[in-house]
Amino acid sequence: MDFIFDELAKKFGQDENSVRQLNPLVLASVGDAYYSLCVRSFLTAHHDYNASALHREASKLVCARAQKEAFFLIEDSLSENEEYIAKRGRNSHPATVPKNADVNDYRIATAFEALLGYLYICKKEERLNEIIKKVLENK
């Protein structure tokens, strides 16, 4: 995955400010993909699911309600900068909200995803690992 980080570095360099200014829904999209991969990897490492069961179990952990709960688990440990990113994600206005999601749950889930996307793009792997570990240990 180093080549991906190389591409991101070409665009953003070491300038976290540029990443902070990205559309929060873009950050949330990246964070959603990252979190989904983490959840599926975690489930694969801890269970012997077939593809269907893996998808079903992963869906329970990546839905808006579960991501809202994940955000509440880490909320007290956020830095000022991380709070800023999360608030931008929460306050963004997506064009649609999934029909199975509560609007408030979805907004908080978007905050969580935006934070993960920001940390991923900034290559803050240690912090990402802290957050993911805390969330998944509580599942």
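E57 is partly exposed, with a relative accessible area of 22%, and K60 is likewise partly exposed, at 48%; here buried means under 20% relative accessible area, exposed over 50%, and partly exposed in between (1.4 Å probe, protein chains only). The model is predicted, local features needing pLDDT of at least 70 and side-chain atom pairs pLDDT 80 or more, while totals for chains, interfaces and linings use all residues. Residues are numbered from 1 along each chain as its sequence is written, and side-chain values use heavy atoms, without hydrogens and water.

The side chains of E57 and K60 form a salt bridge, with N and O 3.0 Å apart. A salt bridge is a side-chain nitrogen of Lys or Arg within 4 Å of a carboxyl oxygen of Asp or Glu. Both residues lie in helix α4, three residues apart, or about one turn. Helices (H or I, at least four residues) are DSSP runs, numbered from the N terminus. An α-helix has 3.6 residues a turn, so residues three or four places apart point the same way.

The search of the whole structure gives six salt bridges. In one of them, R127 pairs with E82, the closest N and O atoms being 2.8 Å apart. This pair links distant parts of the chain, with R127 in helix α8 and E82 in helix α6, 45 residues apart. R127 is buried, with a relative accessible area of 16%, and E82 is buried at 7%. E82, R127 and E130 are linked in a network of salt bridges. A further salt bridge joins K133 and E137, with closest N and O atoms 4.0 Å apart. K133 and E137 are four residues apart in helix α8, about one helical turn, and both are exposed.

R20, in helix α2 (residues 16-20), is buried yet has no salt bridge. The nearest side chain of opposite charge, E16, is 7.2 Å away; Lys and Arg count as positive and Asp and Glu as negative, while His and the chain ends are not counted. Leaving aside neighbours within four places in sequence, R20 is in contact (heavy atoms within 4.5 Å) with N81, Y84, I85, R88 and Y118.

In helix α5 (residues 64-74), the buried residues are A64, A66, Q67, K68, A70, F71 and I74. The buried residues of α5 pack against α3 (24-46), α4 (51-62), α6, α7 (103-121) and α8 (125-137).

E80 lies in helix α6 (residues 80-90) and is exposed, with a relative accessible area of 70%.

Conventions. Helix = DSSP H or I, 4+ residues; strand = E, 2+ residues; numbered from the N terminus.
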